[in-house]
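Biologist: Hi! Could you walk me through this one while I have it open?
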Amino acid sequence: MTDKLKLRTAEGTVKYDFSRKRSKFNDKFEVVLVFDPERPEVKEMVETLEAFEKTSTGGATLPYPVVKRKDGEIHIKAKSDFEVKVVDWNLNDVDEGLSLQGCKAQMEILAKPYDATFGAGVTLYLQGVQVLTEPKPWGAGATFTKSAAPAGYEESARSAAGPDRGVINSEAPDNEVPF
């Protein structure tokens, strides 16, 4: 069994970013990068990971392969029980108030095989993330526009100064939901 493999991924696009807060699904820090399978550096990375996976597990068919092919793309997820370093292209720390989703990035990963009662496999441990494009504030992708208030709602005095959910119209009958 091969011991471990340390690898810097090719440049990919961040699909899921739980690099600085724990995922609500498994209570781990994790990042999923998506890659274009036609790029030569991605092909080389995939070959390296799949060769390591094959040699470290004795060539067994794995229920959870480290390289996932989905919709013509390559998806790679790495996770950690511990906080990871997230830096930009100049090695400056990235502010926690910024979202990495949609950014170009690379991950530093450590691949380690396991052999458990439910089967063998390889886990990719997230060591760090380097962001290669400018991250955006959380919610920056939202493109809300002002629209008419729903029936039963009135504009509040605060809505002129900024977004607001409005005030329920007190004249709506009690047995009718105003929205």
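Biologist: Which side chain meets E108 in a salt bridge?
Modeller: That's R8, at 3.2 Å from N to O; a salt bridge here is a side-chain nitrogen of Lys or Arg within 4 Å of a carboxyl oxygen of Asp or Glu. E108 lies in strand β8 and R8 in strand β1 (residues 5–8), so the pair ties together parts that are 100 residues apart in sequence. Strands (E, at least two residues) are DSSP runs, numbered from the N terminus.
Biologist: What should I keep in mind about the source?
Modeller: This is a predicted model, where local features need pLDDT of at least 70, side-chain atom pairs count only at pLDDT 80 or more, and totals for chains, interfaces and linings use all residues. Residues are numbered from 1 along each chain as its sequence is written, and side-chain values use heavy atoms, with hydrogens and water left out.
Biologist: Back to E108, what is its bridge partner in β9?
Modeller: G128. In β9, G128 is also the bridge partner of K85.
Biologist: How do the strands run, then?
Modeller: β8 (residues 104–116) is antiparallel to β9, with 12 bridges, while β6 (residues 85–87) runs parallel to β9, with three bridges. Strands count as paired if DSSP finds at least two bridges between them.
Biologist: Why is β9 largely enclosed?
Modeller: Because 10 of its 13 residues (119–131) are buried, meaning under 20% relative accessible area, with exposed over 50% and partly exposed in between (1.4 Å probe, protein chains only).
Biologist: And which residue does K85 meet in a salt bridge?
Modeller: D93, at 2.7 Å from N to O. D93 is exposed at 53%, and K85 is partly exposed at 49%.

Conventions: Helices (H or I, at least four residues) and strands (E, at least two) are DSSP runs, numbered from the N terminus.
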